[in-house]
Amino acid sequence: MALTPPAKDHPYTHLIETLKDGTIKFFNPRKLNDPRYDKLPLSIRVLLEAAIRNCDGFHTKETDVENILDWQQQQDKTEVPFSPARVLLQDFTGIPAMVDLAAMRDAVAKHGVDPGLVNPKCPTDLIVDHSLQIDYNKCAIQNTPNPGGGDGPHASHGPPRRASQCGGQRGSCTKATCSDPPASPGRPAAVQQIENTPLLCPFHLQPVSDTETTLKNQELELGRNKERLQFFKWCSKAFKNVNVVPPDVGAVHQVNLEYLSRVIQVADGFVYPDSVVGTDSHTTMINGLGILGWGVGGIESEAVMLGQPVSLSLPQVVGCKLVGSINPLTTSIDIVLGITKHLRQAGIAGKFVEFFGAGVSQLSAPDRTTIANMCPEYNATVSFFPIDQVTLKHFKKTNFTEEKLELLESYMRAVKLFQSYEELTEEPQYSEVIELNLSSIVPHVSGPKRPQDRVAVSSMKEDFQSCLDEKVGFKGFHISKEKQDTRVPFLHCGQEYQLAHGSLVIAAVTSCTNNCNPSVMLTAGLLAKKAVEAGLVVKPYIRTSLAPGSGMVTHYLNTSGVLPYFSQLGFEVIGYGCATCVGNTAPLPDAVVEAIKQGDLVACGVLSGNRQFEGRLCNCVRANYLASPPLVVAYALAGTVGIDFEKEPLGVTSEGKEVYLCDVWPSREEVQQMEEDTVISSIFKDLRGRMEKGNSLWNNIECPDSVVFPWDHKSTYIRPPSFFSKLSKEVPPPQSIENAHVLLFLGNKVTTDHISPAGSIARTSAAAKYLLSKRLTPREFNSYGARRGNDAVMTRGTFASIKLQNRFIGKPGPKTLHIPSGQTLDVFEAADRYQRDGVPLIILAGKDYGSGSSRDWVAKGPYLLGVRAVIAESFEKLHRKQLVGMGILPLQFLPGDSADSLGLSGKERFTVAAARPGGPSPGQRLTVETSQGKSFCVTALLDTEMDVTLFRHGGHLRHAARTLL
């Protein structure tokens, strides 16, 4: 949060020092003259500085500073506040946050309070990037898919196709066709291309227009989301401290890395470390630049926006010591997945990870951000890379001036937040140290159902075969031996093809994990180039796409000359934002879908994201693998995951020549040379201009000019939620949960994908019924993400996953048992009946409830369904906090207990008595009684008194609103 000038009675004014001839001040924790400071991990030093600077005696107290300083003894024993420098929102979670703030203005106005007082106190950046859908790709332009989900190829009313002259795809070019290969070998001479200048044909160096694919997707994105975009624009004008980055600029984590990251903040004459909390699961990527940040739920982010610090248990910090040398053939993604598996096995849930050791200096800044991005997969809070010479070298290529670089290094060295591997300094003392030899890491993919199930590329063929053999589970598909050789012929574009188990139908280079790392993307581009030159092609029915993280990625792919080779293999740039990884893939060709169904085939998707839970990409694609971008291209060329790259060719040329992966895989030297030639400082400078300029469609959007938002009650996109209904000034006394029914009886590993609405809206879903009642056609449904500002849609989409395993039903699907009537209903319809009858609800679950991405609707949805408590064997920590943040009580079975061991059928009625007048205390055991006469104890997972306070208020939102009444 922005620092105000310290008052005279600030307890730490004696720590203030100056830089730059006294013009810049800062709090220097070293002036405490406490030897414990030098032993602190650097990430803990950031927490300490923030506590010192923000010590106001209310949110942050001197005891909090002392607890952080005494980290060696207090870790995992005490709760401390953290006030980040800024908040990061993406539009899927940003729109409900801003809708809630708009509704809060209405609520306080009803109590006679000036609604203009409701503003974010912490600077907030909202990036519109999650509404992009792949309506068009190179193949789909010809097939004209229906962007709204309707049937038939002629249902689309997209923009008319522009005439194209340059190779039929890239716009005007007065030379020969751009689909022709370069006249001479080697890299095209287009390296002088810069952002915001006409795109140059890399073969002819003549201006061409943007790709038809990108423009079509962009126009449809802005068209279908106009109402949401108008609301965002109103927010940017009505609220102070809100910065909205318009659509088609870049993905939220890329924008955070390339544009919003400051490393140090300067405000009110003080310099201090940059830090951030964000509602995107990739927020942790920023730790690769030495900026402390992690993902939080929308509820917590709203609280921070309104001036409350994040409350966290003082974490243990695991030191990850990197030694050894990186194998030249190993990509950063291999390193990411290797470290992910290593740390997951180490059991570091809820801890900080901090990297040190000589091996760290071998990792570039993009390598580090890619590694830091994956920390949610092994349940760490952050994976922190302290600032060092490699980081400074990276900043020299970006928008940092020499003056700021000098201030950055001077400040970081002054407060001992700079890491030097050349200087012999005492290493921090960590909770534990894990050593990893980088030379031991070999290429892997991850899947077919979970990101933690890694498979060595050399063993991929055998592993997929074993998946066919195994019983249905985390990996198995249980295909009988006699059906494993099934091949189904089909026609596509007049030509016959065959699908079999393992056939690839989706190959997506997505924006979320890999495109922050130029070396990985350039490796993929060089592989595409060599494959095209060798005469290889990708089968046309495979849904290929390239969704770069930002225009910078397109820029360096273009300047390096590899972009047209991507295009020739079908990997056209479809736009900028999340698409495939959140279920926004265009429908597969009907013939492909029919062939998969006819043969009951285990079809495959390969993407370069960081999540691929079963059914997320497409309902008919059962096996989904995470891979580095070059391996996505390699598997697309092979057309199957059932291939041994060492022994089998990628393909056969028209002349009958077999081409192997080793024939077209670029060397490490080639990639490094290309990266030096293309990833230069001008890219970042021009990217900044692109972001600040926006685009004409956004600039022309009109919005209301008012303090409170004029809700359109006919709207199906933006609706005032009911979180503030019956808001009183006084905190209501705690109440027991009496005679509650079980809404859902769930097993282990219930993820946020199972709980929170995401992707397209199924036509038979409760949300679809609601939209149909509003006279919308299926092609107008849009996605859950786009309608996240409508609580009626989102509540109906909660627990609407087709993969939800409800033990009441016995098969996957978004259904449950309405116990009083014995009817099987949609989850929403059952919950609605219970609420009309005044019956409270609970959920029974197994281990790891709520694992996966941070999403606010995993708590908001159950709250609006009437869920008062969740009883589970264990919880994902972040989700546990989200439940508390909405006033839902997380209760954990005692060790060794479960619903099965206690003989619970789920059809009983449950009563949880109020523990005390102030509500449950942190970690208190409560007794649960059932209508069958059984009773058992559970633990209330309220970690701190702040959790108790939030629970008593009914969550963050009502607590924040009451502070203004």
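I52 lies in helix 2, where helices (H or I, at least four residues) and strands (E, at least two) are DSSP runs numbered from the N terminus. The model is a predicted one, in which local features need pLDDT of at least 70, side-chain atom pairs count only at pLDDT 80 or more, and totals for chains, interfaces and linings use all residues. Residues are numbered from 1 along each chain as its sequence is written, and side-chain values use heavy atoms, with hydrogens and water left out.

With 0% relative accessibility, I52 counts as buried (under 20% relative accessible area; exposed is over 50%, partly exposed in between; 1.4 Å probe, protein chains only). Leaving aside residues up to four places away in sequence, I52 touches H10, Y12, L15, F27, P29, L32 and V65 (contact means heavy atoms within 4.5 Å). The C-alpha atoms of I52 and T13 are separated by 9.5 Å, the two residues being 39 apart along the chain.

Helix 2 (residues 42–53) lies across strand 14 (317–323), strand 15 and strand 16, and runs at about 125° to strand 15 (axes are lines fitted to C-alpha atoms, for helices over the stretch in contact; angles run from 0 to 180 degrees between N-to-C directions). An open sheet of 4 strands, with parallel pairing, has the order 16-15-14-17 (strands pair if DSSP finds at least two bridges between them). Strand 16 (382–384) and strand 17 (432–437) stand at the edges, each with a single partner strand, so one side of each lacks a neighbour in the sheet. V353 stands opposite S383 in strand 16.

Turning to helix 30 (residues 877–885), 7 of its 9 residues are buried, so this helix is largely enclosed by the rest of the structure. Just after helix 30, G887 takes a positive phi of about 80°.
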